[in-house]
Amino acid sequence: MSTTLHNPPLLAVRDLCVEFATRKGTVNAVRSVNLQVAKGETLGIVGESGSGKSVTSYAVMRILDRAGRIAAGRIEFGGMRLHDADEPMMSDLRGREISMIFQNPRAALNPIRPVGKQIEDVLIRHAQATRDRAKEKAIEALAKVRIRDPEARYHAYPFELSGGMCQRVVIAIALACKPQLLIADEPTTGLDVTTQKAVMELVRELTRSEGMSTLLITHDLGLAGEYCDRIIVMEKGAVVEQQDTRGLFAAPAHPYTRRLIRSTPHAARNIRDLLPEDLRLPPLPPLQVGAEPLLEVKDLVREYAPPGGLLQRLRGRGDAQPFRAVDGISFSIARGESVGLVGESGCGKSTTSAMVMRLLDATSGSIRFKGRELTTVPSGRFAGSPLRRELQMVFQDPHESLNPRSTAAQSIADPLLRLEGMTDAAAIRDRVEALAAQVGLPLELLDRLPHQLSGGQKARVGIARAIATKPELLILDEPTAALDVSVQAVVLNLLADLKAEFGMSYLFVSHDLEVVRLLCDRVIVMRAGRIVEEGPSARVLSDPQAEYTRELLSAIPRPAHLAGHAAANRAVST
Amino acid sequence: MTDAVYTPQLAGAKRSSAWSRGLAHFRYVMTSNPVTFLAFALLAGMIVIALFGPMLVPHDPLATISDKALKPPSAEHWFGTDQLGRDVFSRVIVATRLDLLISVSAVALSFFVGAAMGACAGYWGGWFDKLSGRLLDTIMAFPLFVLAMGIVAAAGNTIQNIVIATAIINLPFYARVARAEVSIRRHAGYVQAARLSGNSELRILIMKIMPNTLPPMMVQLSLNMGWAILNAAGLSFIGLGVRPPTAEWGIMVAEGANYIVSGEWWLALFPGAALMLAVFTFNLLGDSLRDLVDPQRRT
């Protein structure tokens, strides 16, 4: 916006329209989008899934898939016309002038080529290095993205590196030729918060020192707020708002932006604050926690055998220590209580929940549910146990947890058929429809297959299936991780309402401390298979005792403007 | 979520439309790709001929008329006559039933046995996986046609044995596809969810995982079908299959081959063309069958 005629923008997109030819006819994925990126500027494009933010960047890179085409508009980059550039010209520009970082770093790297070689390929392709000097330059590039011991890592294959390391390599490849524009498409989705912080700060530092422009595409308003100079908000293929970051958070002009800011958990005081203002639900009734514990976990351990085959055992190397995914943890959940289990990937929180759910056998330790020991029944035979219907779970990926061949109604009816022994088709249908109504799933969607439903609708089907047998303990394994923030807001409220209605206990497994703060009474922080901190969520989040909890909290992107907004929000609502 | 109004009309209407949606999907798959339509039209034609062919043919396929031997195609005998004066057209038509019967039953047998073996191996692993894997490797170690020849030669020259031999040599393909497809879905989210819903392990395997492995299995099925027809005809061709005077494409090609040198090309050409058309049809069918059984292709 601030760019003037004297200072032409690096990238200018005018009235861009992108169409996709599909079975149902033409879909307008991007509708007359205008945007400009000045030299050295970081522009954020924020929007939920289907907003056209990624398609816009693909159009700039001219990497739309075959069904898509630029229907109208102009894309100019440093005076060059990209919208009608031919393929040889584009392939020369990609990587040299415009680079891209993708969402899944592991998928973006060639799995059977050492990472150093992959950096060399780009350097040689764009004549930035000769063959004999390429290795030296590649190691230099690895050192620049702060990979420790770059000479050794040069020979590493992508599978030998962690997700964060892989993303650093991808950044090294993207920046190897010193491009003028870096497009980062959800660069940290799927990474832990502490890794996200490290990666984003690295990108910011490198682009600043080289004077590069960045186009950051993200669904996370907090992330965009912390790292961008200016933000564009997109909805359904169109730009709804375009402002500098401070202005956007201080005075969002468009109702969609306001809704988006509202549904971001950082600003909310309680779970109802996430919902749009016009959707006022009654406040939640006060929590009723029973005195006796519903679930008691004691010294729970899960070990995995160390790698090594027959040969190693024969050689007498059988003394390798088994890997302890869960290392002797103890906690309890009272009736009606919801407990958050927080930690980064690999901390053992999913293994713990699988053991409590009896999907996985514990190596040692005890799990008592309503005073009865669960570990005596092996997980393979727990399906026949009368306690099965008391313990249910909502899975992380709503899409993957639904059978692609079953309609929504069939998925919800499955526990009724197997655990309740219902046989009358009409009675089952009635129950399924009642459950669908409870989770707010429109009845006409019940006969659809999973791929015909949206993410939020699939999440509702998963929740309806989990509460079908009225379980006493429900484990929620990152139930909103794959959902847009506005959908997350609705689903979290639904979960809170269901809990109040049925008096269930929740074990809420998550990496997102902000979400846990809103939904849970108590929080357990795990690291490397052990519990590092435990306590009431308000206390743990405001006054963390453990060093690791503090680190986790400080890694959450929390732009100052957003905090101000939250304060204002609080002032208004009280 | 407070709105729990039950709307029976809407639900009833939706329930009855499951069939019509299936039909609409079939129509979509048919019309979206002309090759698919051609494949299904050819298949339908072959099935009609197999069912009603013997009633429709102009001549008795086994009746020999010695003064009409080796006559070229004419208005009366469209495909000419063979060395014994039998009508080649009638014989080609009548043979469709036998050839399809052999190949369909052989492929069905190896499909079910192979799918069951592979699914158990992929789901539970362990000793059964190792044992069945080595067994299949052993079958694959032989040249497959020679193995089929050996089985038929040893067990006796009957249609039943041809079916079994063809089924055995096709077994590894199904078992391997099924094993791979099951083992990648073994830990899928919906399988875990099915466990939580109280399904037994066997039920999960049969009702939840197996149907999802159908699309790749269908491709394998139709490709193998053409192969099985060729295999059955091949066994007959070398004299190890169906015996004369039964009408069968393989024997007809074998018998006719002797006369090509002396210029009587129609004896071998027409059954050969029928064989080719059948194999062609099944190969075309592969992708369209996958499209039909894959729920993701529906919108």
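Colleague: What pattern does chain B follow along the sequence?
Modeller: Chain B reads α-α-α-α-α-α-α-α-α-α-α, with 11 helices and 0 strands, where helices (H or I, at least four residues) and strands (E, at least two) are DSSP runs numbered from the N terminus. This is a predicted model, in which local features need pLDDT of at least 70 and side-chain atom pairs count only at pLDDT 80 or more, while totals for chains, interfaces and linings use all residues. Residues are numbered from 1 along each chain as its sequence is written, and chains are lettered from A and ligands numbered from 1 in the order in which they are written.

Colleague: And what box do the C-alpha atoms of chain B fill?
Modeller: Along the principal axes, the box is roughly 90 × 50 × 25 Å.

Colleague: Switching to chain A, at what angle do H16 and H17 pack?
Modeller: Helix H16 (residues 455-467) and helix H17 (residues 485-502) of chain A pack at about 15°, their axes 10 Å apart, with axes being lines fitted to C-alpha atoms, for helices over the stretch in contact, and angles running from 0 to 180 degrees between N-to-C directions. H16(A) and H17(A) are therefore roughly parallel, a term for angles under 35 degrees, with over 145 being roughly antiparallel, 65 to 115 roughly perpendicular and the rest oblique.

Colleague: Which residues of H16(A) meet H17(A)?
Modeller: A:Gly455, A:Gly456, A:Ala459, A:Ile463 and A:Ile467 do, and their partners in H17(A) include A:Val487 and A:Phe502, contact meaning that C-beta atoms, placed from the backbone, lie within 7 Å.

Colleague: What about H4(A), what follows that helix?
Modeller: H4(A) is followed by A:Ala127, which has a positive phi near 55°.

Key. Contact = placed C-beta atoms within 7 Å.
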